[in-house]
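Let's walk through this one together, starting with the overall picture and ending at a single residue.

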Amino acid sequence: NGSCVVSKTQSAVPNCNQVDLSTGKCVKCSQGFFFDQQGNCQQADPNCKSFDSSSFLCRACYDGYSLNA
């Protein structure tokens, strides 16, 4: 039907691009997502140009947007 589905060899981990098959844990989030403190993939702000994954904060926005203090 032309859509992407999770491979039968991978477990379904939300927003995860790569799963460690031995542990079932995500080792790489999908594009536009980042690991939170619990190791889950969370969506980054789509208007954020530069994201700090250690503080979970946007550092720079795309043109036409500004950081909310």
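**From the whole chain to one residue**

Of the 69 residues in the protein, 13% count as buried, meaning under 20% relative accessible area, with exposed being over 50% and partly exposed in between (1.4 Å probe, protein chains only). Keep in mind that this is a predicted model, where local features need pLDDT of at least 70, side-chain atom pairs count only at pLDDT 80 or more, and totals for chains, interfaces and linings use all residues. Residues are numbered from 1 along each chain as its sequence is written, and side-chain values use heavy atoms, with hydrogens and water left out.

As for the fold, the protein has 0 helices and 6 strands, and the order along the sequence is β-β-β-β-β-β. Here helices (H or I, at least four residues) and strands (E, at least two) are DSSP runs, numbered from the N terminus.

What about the overall dimensions? The C-alpha atoms fill a box of roughly 45 × 30 × 10 Å along the principal axes. Now look at the contacts (heavy atoms within 4.5 Å): among those between residues at least 6 apart in sequence, 4% join residues at least 24 apart.

Finally, zoom in on alanine 12, which sits in the segment before strand 1 (16–20). Is alanine 12 buried or exposed? Alanine 12 is exposed, because its relative accessible area is 63%. Alanine 12 also pairs up with lysine 25 for a distance check: the two are 13 residues apart in sequence and 9.8 Å apart in space, C-alpha to C-alpha.
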